[in-house]
Amino acid sequence: MTYRFSENDQFNYEILLALGSVWRQGADAGEVLSTAASVADGDGQVWFDAWLDLGRRVRVEAEECAAAGHLVSAREGWLRAAGYLGTAMVGVDAVPDAEKRAAEAFTEHRACLDRFLLALDPPAEPVSIPYEGTTLPGYLVSPPGTDEPLPTLIANNGSDGPLSATWTLLGAPAVERGYRVLLFDGPGQQSMLFERGVTFRPDWENVITPVVDFLLARPDVDPRRIALAGISQAGYWVPRALAFEHRLAAAVADPGVVRVAESWWQHLGPDLRTLWECGDRDAFDAIIEEALEQNPALAATWRWRAKPYGVETPYDLLCEVSRYDLLTEVSRHDLTRVVDHITTPLLITDPEGEHFWPGASEQLYDALPGPKELVRFTEEEGAHLHCEPLGRALFEERVFDWLDARLAIAGTV
């Protein structure tokens, strides 16, 4: 089962994600397919303009619906507009004055997402999570009809996806099943990156522990039934946090990630890796910079992927990314591996055709010392590829049924 909508691999994958979000009303199939047809040549400027125009058009329609009192149509329109504007951002580094255009598009995207979340029943609650002298922005989204303590899912975004995708991939199915859901931006993610300039960090326990502290202080959260689920690069951040934060009842990594840098090396190749490992900084940087200069599309993708790390030179960037490693030793004084400290029950998805971290889900599963489960998704089922973009119903069934069962151990779902 092969679908190809764009010559650009990343853009093609983004179209699959948009189509998959139709399952949770994050897009309309006709809107996605008609826009995809106009961006098939893979040009970044065309991509950005097309999705930005679509997002703005849907946003105007949503505002008109709201003004006329059609609140359901308005709410659905705001979510679709947020998704399309977030999709546009993937191509922003290919356009002139990229930083300015990114700020404009992100502001519009987040305004639409805010309007959608506040139009839910009940309205989502904006929250500020104390974090190292500042706060992490987020929303607590609840099912209707109760203020009682409920099981709560921390939805951990990946490296560069919009928060609207975190909602459709994790938040919406959790709320429908009776969970409260915390959506938030961590360091390097979305508003923390675009509005505050705060970049990624490998020690994600220092992000999740403040989040857990925040939830445990709330009377509407069942302290025995807090779970953590992460998508894409959060397949590293989730197990990293679990190694040091042990108050969570269960967790999900979609997919498993052991070494984040592997997603870079599979594209750079073994010769460049050898050069980097030899420490030849000048030669490595020269080769990468020449390749980026000759290929504007590749350069735009590189800038998009590198931006959340806050490191510009290629050699130093790969040094930074290589710190994100679950098999590394905890410290000079504790020679055990990070993964050896994970005791929380962890479900790991293993989609066929995983193209960012092939084989990593099984590697993580084999390395885990505690309760674990590996759930496969296949091409035959239509649920293959990174984060199962076209297999959302099957993902929800398998993953949330597992979560329900695990949380029932510590309470009653």
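**Aromatic pairs and nonpolar cores**

W47 and W51 lie four residues apart in helix α3 (residues 44-67), so about one helical turn separates them. In this predicted model, both W47 and W51 are buried. A pair of aromatic rings is described by the distance of the centres and the angle of the planes. The structure holds 21 aromatic pairs. For W47 and W51, the ring centres are 5.4 Å apart and the planes meet at 50°, so this pair is tilted.

A stacked arrangement is found for W204 and W237, with 4.4 Å from centre to centre and 25° between the planes. This pair links distant parts of the chain: W204 belongs to the loop between α7 (191-194) and α8 (205-216), W237 to helix α9 (residues 234-242), and the two are 33 residues apart. W204 has 0% relative accessibility and therefore counts as buried; W237, also at 0%, counts as buried too.

Turning to the nonpolar cores, the largest has 70 residues, of which W51, L117, V141, L153, W167 and L403 touch the most other members. Leaving aside residues up to four places away in sequence, L403 touches L153, Y179, A227, A250 and V252. A second, separate core of 67 residues includes M192, L248, A306 and Y309.

K372 lies over the face of Y365, 4.6 Å from the ring centre, and the charged end of R392 sits over the ring of F395, at 4.2 Å from its centre.

Definitions and conventions. Residues numbered from 1 in each chain as written. Predicted model: local features only at pLDDT ≥ 70, side-chain atom pairs only at ≥ 80, totals over all residues. Heavy atoms only, no water. Core = buried A, V, L, I, M, F, W, Y, C linked by side-chain atoms within 4.5 Å. Buried < 20%, exposed > 50% of the residue type's maximum accessible area, 1.4 Å probe, protein only. Contact = heavy atoms within 4.5 Å. Phe/Tyr/Trp six-rings, centres within 6.5 Å; stacked < 30°, edge-to-face > 60°. Lys NZ or Arg CZ within 6 Å of the ring centre and 35° of its normal.
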